[in-house]
Amino acid sequence: MTDQRRAAHRVADAAPMEPVPAQPDRRARRTIATTTDYAEAERIVDQLSDRGFPVERVAIVGHDLQVVEQVVGRMTWGRAALNGALSGALPGALVGWIFGLFSWVDPLIAALRLALYGLVIGAVLGAIAGLVLYGLQRGRRDFASVPLMRPTRYEVVVDPEVADQALRLLGTGR
């Protein structure tokens, strides 16, 4: 290392480091609104944003989570096979496409052809797996459902330093 580079290195080392700004304590936030509707909480934050409020200091907090399982239909042998085929087709096509890309002669045609083969083989194997899994349940769960998790209420919270400003902008301040 040359003397000039050593001197530049020492100067860079001697430079004072800039202090890292402290993050506000997120647990000490103040609630400025409570609602049972998420769209309403979004509207409140949007209203603050439209009025120039620093929205990076806002959070929407969901409380009291509920699990709601929406039943979407009866599970039959045909539906089990179809669900399995659909869940196996895409991974099969993806694997076939990737293998086809390694063809030296014509990678595009090989990739498409192997993707089609993978789609068919994945659908068949997925259908078989769906039927086996449905059969192993022995009628204990003859319905299909979609689980959802949702809060029962939402709070719009802000950092304490700007809470009064947010309340004034919303017209609910003192």
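Begin with the largest pocket of this predicted model: select α3 (77-100), α4 (107-137) and β3, each of which supplies at least two residues of its lining. Of the contributing elements, α4 gives the most, with four residues.

Met-75, Ala-80, Asn-83 and Gly-84 belong to the lining of the largest pocket, as do Gly-130, Leu-133, Tyr-134 and Gln-137. Arg-141, Phe-143, Ala-144 and Ser-145 complete the list. Coloured by class, this lining shows six nonpolar, five polar and one charged residues. The space in the largest pocket is about 190 Å³.

Now return to a cartoon of the whole chain. Five helices and three strands make up the secondary structure, and their order along the sequence is α-β-α-β-α-α-β-α. The protein has 174 residues, of which 26% are buried. If contacts between residues at least 6 apart in sequence are drawn, 82% of them join residues at least 24 apart.

Which residues of α5 are buried? They are Ala-163, Ala-166, Leu-167 and Leu-170. Turn the view to look down the axis of α5: these buried residues fall within an arc of 100 degrees, so they line one face of the helix. In general, an α-helix has 3.6 residues a turn, so residues three or four places apart point the same way.

Step just past the end of α5 to Gly-171, where the backbone adopts a positive phi of about 80 degrees.

For the last stop, select strand β2, residues 58-74, and centre on Asp-64 within it. What is the phi of Asp-64? The value is near 55 degrees, positive in a residue other than glycine. Most residues other than glycine have a negative phi.

Definitions and conventions. Residues numbered from 1 in each chain as written. Predicted model: local features only at pLDDT ≥ 70, side-chain atom pairs only at ≥ 80, totals over all residues. Heavy atoms only, no water. Buried < 20%, exposed > 50% of the residue type's maximum accessible area, 1.4 Å probe, protein only. Arc of directions from axis to C-beta. Contact = heavy atoms within 4.5 Å. 1 Å grid on protein atoms, 1.4 Å probe; cavity = no way out; pocket = protein on both sides within 12 Å on 5 of 7 lines; lining within 4 Å. Points joined across faces, edges and corners; volume = space filled by probe spheres on them. Nonpolar A, V, L, I, M, F, W, Y, C, P; charged D, E, K, R; others polar.
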